[in-house]
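Hi,

Here is the structure I said I'd pass along. Have a look first, and my notes on the aromatic side chains follow below.

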Amino acid sequence: MTEEKFAYAVTSVRIKESTLLGTDFLEQLLATRRYDDVRRQLAEHGWLSPASEDDDAQLQKLLVDSRELIDEVSPEPGLLDALILKNDYHNLKAALKCSFTGVSPEKYFIKPCLYDTDGLSSAVSDRRYEDLPEHMREAAGKAHEVYTRTQDGQYADLIIDAAALAATRDAGILSDSPVIRFACELLCAAADVKTAIRAIRTKKDAHFLDTALCECATLDKSELKAASLNGEEALISYLSQTPYGGAAQTLKENGNNSLSALEKWFDDYLIGQIQYVKSTFFGPDPLAAFYLAREIELRNIRILLSGKRHGVDDTVIRERMRRLYV
């Protein structure tokens, strides 16, 4: 398929890019003191519903709408699947946990997702793991067995999270979009780095790291594991030799706040690395970049709303805000 076949799709997405959160409006929102006034402005500009009591559902709908737009205009079916897989694994965790407690998982599901949540919930509650997508079956069965035997929900989650990373990595490798390949690799690397730092701080052992860390192209799993077992300084030293030297510096500079700062660094790194796509007019990359920009935009709005609701100082809110694509 030639890149020119994406011309109509790219034009459609370029029009929608004008609706993304811009710097001027973000500054206006940050300068607004009262939470109710911030929310009202967001509603007036279409991010929230004036009547809705569930802002998170409304923000989730914006992402679903963005995915549906891209699915509609893209000449490549399932273009965004690799970026969405993580949501299906989240839904698998929710369905599995709720199947043990008898609680409906519906309110814990997130969208967009690739697989029907009713079907996923039914398969999990009836233990028909063979009805799940092939790449989910083994993880679902193992997580179920671990939880049944040990009641260790954290370890069951770990099994599913590791499978989610592997599935995302594999789907990204197969994508025709360099942006999607990069984003999937970065997702796995970011998860590995966060897992490593948490493992150090909670004194996890080699078995934990073997289970939780995902093989990826930009980090050597065995070296990352060895560094983690030797402490934070060793981890920072290893990361400084990888493409994630900025993450190493962030860990060094932010002390106890380093995990939230690390998450921001990876989001900003992603947006920084895909800026070039704004001057790309053919191919799948502008579609993928728009979707990723929308994801991070909505993360910014959640940070802003939470900060304003709880009276967090504007300086702190600003420090937590992610880099904008537009």
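**Aromatic contacts**

Y244 is buried, as is F266; buried here means under 20% relative accessible area, with over 50% being exposed and partly exposed in between (1.4 Å probe, protein chains only). Before you read on: this is a predicted model, where local features need pLDDT of at least 70, side-chain atom pairs count only at pLDDT 80 or more, and totals for chains, interfaces and linings use all residues. Residues are numbered from 1 along each chain as its sequence is written, and side-chain values use heavy atoms, leaving out hydrogens and water.

Searching the whole structure turns up seven aromatic pairs (Phe, Tyr and Trp rings, the six-membered one for Trp, with centres within 6.5 Å; planes under 30 degrees apart are stacked, over 60 edge-to-face, the rest tilted). One of them is F25 with W47, stacked at 5.6 Å centre to centre and 15° between the planes. F25 sits in helix α2 (residues 23-31) and W47 in the loop between α3 (35-44) and α4 (55-73), so this pair ties together parts 22 residues apart in sequence. (Helices are DSSP runs of H or I, at least four residues, and strands are runs of E, at least two, numbered from the N terminus.) F25 is buried at 11% relative accessibility, and W47 is buried at 6%.

Y244 and F266 make a tilted pair, 5.7 Å centre to centre with 50° between the planes. Both also belong to one aromatic cluster with F182, W265 and Y269.

Then the charges: the charged end of R127 sits over the ring of F100, 4.8 Å from its centre (NZ of Lys or CZ of Arg within 6 Å of the ring centre and within 35 degrees of the ring normal). K278 does likewise over Y325, with its charged end 5.6 Å from the ring centre.

Cheers
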